[in-house]
Amino acid sequence: MGRAFVYVILGGGVAAGYAALEFVRRNGDSRDKLCIISDEQARSLLLLCLLSFNSCSVAPYERPALSKGFLLPQGAPRLPEFHTCVGANDELLTKEWYSKHGIVLVLGTRVTSADVRRKTISYKTLIVATGARALKLEEFGVSGSDVRNVCYLRNLGDADKLVDVMGSCPGGKAVVVGGGYIGMECAAALVTNKINVTMVFPGKHCMNRIFTPKIAEFYERYYTSKGVIFVKEASVTSMEVSAGKVTAVMLGDGRRLTADMVVVGVGARANTGLFEGQLVMEKGGIKVNGQMQASDASVYAVGDVAAFPVKLFGGDVRRLEHVDCARRTARHAVAAILDATGSVGDIDYLPFFYSRLFSLSWQLYGDNAGEAVHFGDLAPGDGATPKFGAYWVREGRIAGAFIEGGSRQENESIAATVRHGAAVPDVPELRRRGLAFATQATGNTKLAAGDKPTCGWHATVVVAAAVSIAVFACWFGWMAPYVLKRDL
């Protein structure tokens, strides 16, 4: 490559954008000091380019938009509306922003190998923000990922394809494989687009890594009221393909589900392959310390790829696949890298997850481990906005909490209760008091600004008008693959 940088960020997802903003905020002008290398691309319809689909490299963007606003049938947001860091109600980091601050973007470029001991691209510090990839059907012995009406949802190109396929089968039938985050959010989007949905997954209930059976029952009833059919404790064994399209999905028990399209959401795996055998790994990711620093002192890892100690869990190492974690670990790593005074301590992260499903909105804080104590009315009502949740009690203290339909103040109270590990002397009393336990226990106690989960992008995206499709200037950076190596 023939260029030297002080800092290199490998990856172009959410974490890369938030890291870049933190660099600028703390380091001022980053002209030619910081380089971001990314292979993120989108298939964009270029009306003035022979009306054909082309690959277009893109700067970091808010990935949650893809399973929410982007899939709306009307008024769906498009770039540049959801570039980072609008998701935290902060600056909108377009390509022009990076150029203004002297940050070099090497886009549309896949790194094929990395060497943290030798040098080709010269750097002082490398930040690994390679994220995770969607697991493919082939990894479960089922072929068909390359069929044109089989969709995944991990990046902008996937979202573009999903929108195209939905548009090709209005009123048709979709089979959603998987009952987790992607499955639930895509099912809601498909129904909103007037497509009939059948969800297939092996668990006894949806979102089995987060929901209790009682909470899952509420969402399954709600989805059923929207026309979604659940096929639980089942697995896809094959797909029937005709003329390059899936026409049916076969299940292990012999059932055949006709399909005009298939959406697969069966999990993700951290992109650690470039660093296997070079950095210490744990929990499926790159193991880092509280400063987000890997086993090689010149390397930091952030976002989905990082396995870091969580103070709230007694220092237990976790790898947390969620946008809030990507944002916060990225900012903390940069703060630690640029810290000249020793004032930046270890990350003290409050694990946070959220989702928006139809008109519903839930949030989870902390760890869903221990005795689950439910509160509120979990029975689907007569049109009233539902509000319910659960606490998880472990060793006499609140370890985690879930809330559906909470106000901003209630969400903050729930979060503060988990953050402080509120004592629970009497579980039946906790069940009786329900949400009031958190709102009364915290009183005037508020989360610090740095603790508040950064999910504000939804408000921005939902009200945004759809952008007219226009010609995008696609800059592919240096297109040849590079070998990343450390400056000795």
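This is a predicted model: local features need pLDDT of at least 70, side-chain atom pairs count only at pLDDT 80 or more; totals for chains, interfaces and linings use all residues.
Q: Why is the pair of Phe201 and Phe230 called edge-to-face?
A: The centres of the two rings are 6.2 Å apart and their planes stand at 80°; because rings pair when their centres lie within 6.5 Å, and planes over 60 degrees apart count as edge-to-face, Phe201 and Phe230 form an edge-to-face pair. The model holds 24 aromatic pairs by this rule.

Q: What makes Phe201 and Phe230 a link between distant parts of the chain?
A: Phe201 belongs to strand β11 (residues 196–201) and Phe230 to strand β12 (residues 229–232), and the two residues are 29 residues apart.

Q: How do you know whether Phe201 is buried or exposed?
A: Its relative accessible area is 3%, and since buried means under 20%, Phe201 is buried. Phe230, with a relative accessible area of 18%, is buried as well.

Q: Why is the pair of Tyr223 and Phe358 called edge-to-face?
A: With ring centres 5.1 Å apart and planes at 75°, the pair meets both the 6.5 Å limit and the requirement of over 60 degrees, so Tyr223 and Phe358 are edge-to-face. Tyr223 lies in helix α5 (residues 213–225), whereas Phe358 lies in the loop between β23 (352–357) and β24 (360–366), so the pair ties together parts that are 135 residues apart in sequence.

Q: Which residues touch the most other members of the largest nonpolar core?
A: They are Met199, Phe211, Tyr219, Tyr223, Met261 and Trp362, in a core of 136 residues. Helix α1 (residues 14–27) contributes the largest share of this core, 9 residues. Leaving aside neighbours within four places in sequence, Met199 is in contact with residues including Val176, Met184, Tyr223 and Phe230.

Q: What makes strand β27 mostly covered, and how many bridges join β26 to β27?
A: In strand β27 (residues 397–404), 7 of the 8 residues are buried. Strand β26 (residues 388–394) and β27 run antiparallel and are joined by 7 bridges; because two strands pair if there are at least two bridges between them, β26 and β27 count as paired. β24 is also joined to β27, by 5 bridges and in antiparallel fashion. Glu404 in β27 stands opposite Trp362 and opposite Phe388.

Q: How do you know that β19 and β21 are paired strands?
A: Strand β19 (residues 285–287) is joined to β21 by 2 bridges, running parallel, and since at least two bridges are needed, the two strands pair. In β21, Ala307 stands opposite Lys287.

Notes: Residues are numbered from 1 along each chain as its sequence is written. Side-chain values use heavy atoms; hydrogens and water are left out. Rings of Phe, Tyr and Trp (its six-membered ring) pair if their centres lie within 6.5 Å; planes under 30 degrees apart count as stacked, over 60 as edge-to-face and the rest as tilted. Helices (H or I, at least four residues) and strands (E, at least two) are DSSP runs, numbered from the N terminus. Buried means under 20% relative accessible area, exposed over 50%, partly exposed in between (1.4 Å probe, protein chains only). A nonpolar core is a set of buried Ala, Val, Leu, Ile, Met, Phe, Trp, Tyr and Cys residues joined through side-chain atoms within 4.5 Å. Contact means heavy atoms within 4.5 Å.
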